[in-house]
Amino acid sequence: MSRLLRSLSWPGDLWSTKQRSGRRDPNALSSDVLAHPRRWDEPQEAIWMLDFRLFRYALASAEHGSFRRAAAALNIQQSTVSRGVRTLEHRVGGPLFERSHAGIRPTPAGERFLQEAALGFDHLERATQRIGAMQRGEHGEVTVAASVPFLLFADAFERLRDEHPGVALEIVEGTCSGCAMMVQQRKAEVAFVSTIPGNGPAQSLHVRDERLVAVLPKSHRLADAPTVLLEELRAERFILGAGGLGPALADYLQRQLDAKLDQRLLRVGQCDLINMVARGFGATLAIRDLPHAAPDGVVFIPIADENTFPIHAIWGSPTANPSVTRLVNLAREARPITVRQATEK
């Protein structure tokens, strides 16, 4: 209990800051508290409008068995402790201590009350420590919305996990607009997207640019080319994901080629799209190659003509979560992906 009492030295400031002026004992109780004991018909909620120091005095008195020793342990006047305990007894509506020449000891009801109070203060101490750890980025949760593939920032996520093992990281895939909406609705702290909506979150940062890659069947006429022009793919049937980066890639193709294209948005992930390319269902685009996950029947060919895809981090109002700030900085430090063919001859 003594450790708990030491940790609770601060709560008294919550209700008594105006008692600090002049030469008065800063631990002395205000006349308002002393002069207004709880009435029997007073609502139970009024108990909580107490100076937390009253509980501290009572806990110290129970631990030391006398008001004098409790006052010495707290380094305050004995009268302050005894009057504070008396005020607490009035407020809760019954005696907490039996008093005698030998000292004091809690009444049965007082002992139960002090046990509950100590438990409550223990929860308060943990809550205080936890919020402090969250403000330092040591604990908490960070939800990341992403329209770009996880592998683009896998190193940043891994480093954040290693640096702050107490932070739970959740990654939610969505379209660019969907990710921006999650940030606006505070369902995600930060999002990594390729485009920033016009009415999107107020804070944004350009992280880097990534080159586009054409994913073609190995039997394709351009399969052996070192690079490919978008114009050379005009006649292809493009299969793209309906989620994640798919809609942004579809818009990009439409803008660059300025023509009606054969495009299909499918509700499948990138790995399934690549497997479909291997089976001859069409071609697709990606912003990095996946040689370790790609089937034998596809090749990854860089798109020429300086066709790059911007990656942005977006978040709402200035964040007080240092884990979010650290994640954005780690994403900027991450090395851009080097595009290469998935299969080498």
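**Sheet, loop and helix**

User: Which residue in β12 stands opposite Ala-191?

Analyst: This is a predicted model in which local features need pLDDT of at least 70 and side-chain atom pairs pLDDT 80 or more, while totals for chains, interfaces and linings use all residues. Residues are numbered from 1 along each chain as its sequence is written, and side-chain values use heavy atoms, without hydrogens or water. β5 and β12 pair (at least two DSSP bridges) in the antiparallel sense over three bridges. In β12, the residue opposite Ala-191 is Ile-314.

User: Is Ser-194 buried or exposed?

Analyst: Ser-194 lies in the loop between β5 and β6. Its contacts (heavy atoms within 4.5 Å) beyond four places in sequence include Cys-176, Phe-309 and His-312. Buried means under 20% relative accessible area, exposed over 50%, and partly exposed in between (1.4 Å probe, protein chains only). Because its relative accessibility is 2%, Ser-194 is buried.

User: Within what arc do the buried residues of α11 fall?

Analyst: The buried residues of α11 are Ser-323, Val-324, Leu-327, Val-328, Leu-330 and Ala-331. They line one face of the helix, because the arc, taken from the directions from the helix axis to the C-beta atoms, is within 160°.

Methods:
Helices (H or I, at least four residues) and strands (E, at least two) are DSSP runs, numbered from the N terminus.
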